[in-house]
Amino acid sequence: MSTLVMKFGGSSVGTTTALSQVLSIVLQEKENWSQLVLVASALEGVTDALIEAAHLAHLGNQRGYRRIVANLRTRHLALIEELPFGATERTALQADIDRLLFDMLDIYQSMSQSKAARAAVDASIGVGEKLSTRIIAALLRQNGLRSVAIDTTSLIVTDDVHGDATPNIPLTRAKIAQNLLPLLERGIIPVVTGFIGATAAGEPTTLGRGGSDYTASVLGVCVNATEIWMWTDVDGIMTADPRDVEGARVIADLSYDEVAELAYFGARVLHARMIGPLRQQQIPLRVKNVFKPQQIGTLIAEKETSRARTLKAVTSISGLGISAEQGLLRAPVNQLIGEALHAAGQMQADVMIASQSAAHSFTCLLIPTSAGPDAIHTTRQALEDHLVATPSNWRIQPITIITVISNQLQAWPQAAAQVLLMLGDIRVLALALGTSNCSLSLVIEMRDAEEGLARIHRHIISSG
Ligand code: ADP
Ligand code: ASP
Ligand code: MG
C-alpha cells in the first residue's frame, strides 16, 4: 500500500491554467499510488485579503470588510465560471461559496477585543482554504474521480495559540483515523484544507502564514504517507530565493536539518515547523513546480552526511537589532534580553541571536511575517518604551540575518572564512553557528542586505 500526500500552494490553485495542471497531476499520480490525499491553500492573495478584512472588522469598518468579501466572491465565482463544470456542480458550488462568505460577515460583525475574537479571526482567515478545496474537489468529481472537500477543523487538533498554532499529533491521529482513513479505504480522494485546525474544544485556529505546508506534513505523518510532494511555483528548493538574486539554481537534494534551517532563517518556500514531524518518521519530501511536473524538483530526506563540502544555499530575514554601549564592566545583557523577550513574546517574535562583550551587548530580534505588517513598528515602540526607563544608551536598528546552509560546518572552519571574505567591507554585527551544524548566520545592517546576499550567492554558484 502506497500513500502520497500532495500539497498545492496558492499559486498552484489561483487560475484555471494552474487548476488544470492540478487535475492532470492528480489523474497521472492516481495511477501510481494506492491512495492520494490532497492539501490545498487558498487562492494566491486571498489570505492577505482576509487578514485585511479581519483588521477592518476590528476597527468596525463595515464598508471596508464588505468590499473585500464582495471582491472575493467575484473572484471565486469568476474562476468557477471559467472551469468546465456541469450545471448541477456549478450551482452547488456557487451556493457553497455564498454560504461560506455570508457566514463570514456574521463573524466580522461579532468581532471584539476579547480572546474569543482571536478564534473569530482564525475562523475568518481560514475561509480561503475552505473555498479553494471545494472548487478542486468539484473539478476532480467533474472529471470522473471520487473526491470530497474536507475542513481540517475536524481533523487537525491544535493548541490554542491562535494565528500560530501547533498540532497535537496523537489527538490528530485519532481524528484522522475516524474521519479520513475510511474515505481513503473507499478510494475517495480527499481535498483537505491547509492552514486551519481547531483546539480540542473546537475553537478554530490557524498554523501561521504558509501553514498549509505544515498541514501536509502532519497529515502525512498521521496517514503514514510513503511520500509528501509540495507543488509550488518554483522548480524546487533553490540556492536562494529567485526573487532576490539572479541565477539561483535548483538543489537536487537536502537533508531535513538543512531545509529546516533554511526555512527557519527566512526561505518561505517551506514552513519551518513542518520538517520536525517528517524527520521523526523519515518521510521523504519533494518540492516540485506545478507548471513543470516532469522536472524532478528537490528531494528532502535523511542522508548519509556527504563528504563533499559545499555551501548549498543562502537565505535572509530582517528584523530589529538592539545594542547598547555599557559604562559598566558587566553589561546588563540579561536585562536587555529580558526586555527584548518581553516585547517579542507579546508580538510572537523570536530572539534569534544575542552577544555580549565587556563594553557592548547586542540582541537581534526577529518578527515573523505571521505577526502582521504592523509588528515591526509595534515591537520597536514597545522596546523603546521599555528601554527608556533603563540607564543605558540603547540603539534600535533594522538588521538582516544572512544564513548560509552547508553540511558539517563545525568540521569545516574554512566555510566561515569564505563567507566572511565574500562579505568584504560589509560590517558584521554578530555571527553564530547553528546548533544543527548546518547553518552559519551573520547579522548585518539592513542597508547592506541586498549586496551581502548577492556576494554570497555568487560565491555559492561559482564554487558549487
Ligand atoms: P506556495 O503558495 O506554493 O506555498 P510560497 O510563495 O509560499 O508558495 O513559496 C514559494 C516561494 O518561495 C517562491 O516563489 C520563492 O520566491 C520563495 N523562496 C524563498 N526562498 C526560496 C528558495 N531557497 N528556493 C525556492 N524558493 C524560495
Ligand atoms: N493561505 C495561507 C497563507 O497564505 C496558508 C498557505 O498558503 O500555506 O499563509
Ligand atoms: Mg507557502
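Reader: Let's start with H4 and H5. Which residues in H4 meet which in H5?
Author: From H4 you have Gln 62, Tyr 65, Arg 66, Val 69, Leu 72, Arg 73, His 76, Leu 77, Ile 80 and Glu 81. They meet Arg 90, Leu 93, Gln 94, Ile 97, Asp 98, Leu 101, Met 104, Leu 105, Tyr 108 and Gln 109 of H5. Keep in mind that this is a predicted model.

Reader: Thanks! How do the residues of that contact divide into nonpolar, polar and charged?
Author: There are 11 nonpolar, 4 polar and 5 charged residues in the contact of H4 with H5.

Reader: And at what angle do the axes of H4 and H5 cross?
Author: At roughly 165°, and the axes come within 11 Å. H4 covers residues 62-82 and H5 covers residues 87-110. Angles over 145 degrees count as roughly antiparallel, so that is the relation of H4 and H5 to each other.

Reader: Is the crossing of H4 and H5 left-handed or right-handed?
Author: Right-handed.

Reader: OK, over to H2 and H7. How do the axes of those two cross?
Author: Helix H2, residues 16-30, and helix H7, residues 127-142, cross at roughly 55°, with axes that come within 10 Å. That angle makes H2 oblique to H7. H2 passes H7 in a right-handed crossing.

Reader: Nice. Which residues meet there?
Author: On the H2 side they are Leu 19, Val 22, Leu 23 and Val 26, and on the H7 side Ile 135, Ile 136, Leu 139 and Leu 140. The contact of H2 with H7 divides into 8 nonpolar residues, no polar and no charged.

Reader: What about H15 and H16, how do they pack?
Author: Their axes are 9 Å apart and the angle is about 130°. H15 is residues 413-423, and H16 is residues 449-463. With that angle, H15 is oblique to H16. The crossing is right-handed here too.

Reader: Which residues make the contact?
Author: H15 brings Gln 418, Val 419, Met 422 and Leu 423, while H16 brings Gly 452, Arg 455, Ile 456 and His 459. By type, the contact of H15 with H16 has 4 nonpolar, 3 polar and 1 charged.

Reader: Changing topic to the ligands. Which residues come nearest to ligand 1?
Author: Lys 7, Thr 232, Met 238, Asp 241 and Arg 243, out of 18 residues around ligand 1.

Reader: What does the side chain of Lys 7 do there?
Author: An N or O atom in the Lys 7 side chain is 2.9 Å from an oxygen atom of ligand 1.

Reader: Great. Which residues are around ligand 2?
Author: Those are Ser 41, Thr 47, Glu 129, Phe 195, Arg 209, Gly 210, Gly 211 and Ser 212.

Reader: How far is the backbone of Gly 210, Gly 211 and Ser 212 from the oxygen atoms of ligand 2?
Author: A polar backbone atom of Gly 210 is 2.8 Å from an oxygen atom of ligand 2. For Gly 211, the distance from a polar backbone atom to a ligand 2 oxygen is 3.4 Å. Ser 212 has a backbone N or O atom 3.0 Å from an oxygen atom of ligand 2.

Note on methods. Residues numbered from 1 in each chain as written. Chains lettered and ligands numbered in written order. Predicted model: local features only at pLDDT ≥ 70, side-chain atom pairs only at ≥ 80, totals over all residues. Heavy atoms only, no water. Axes fitted to C-alpha atoms, helices over the stretch in contact; angles between N-to-C directions. Helix = DSSP H or I, 4+ residues; strand = E, 2+ residues; numbered from the N terminus. Parallel < 35°, antiparallel > 145°, perpendicular 65-115°, else oblique. Left-handed = near helix turned anticlockwise from the far one by under 90°. Contact = heavy atoms within 4.5 Å. Nonpolar A, V, L, I, M, F, W, Y, C, P; charged D, E, K, R; others polar. Near = heavy atom within 4 Å. Polar contact = N/O pair within 3.5 Å; in protein donor to acceptor, adjacent residues only side chain to side chain.
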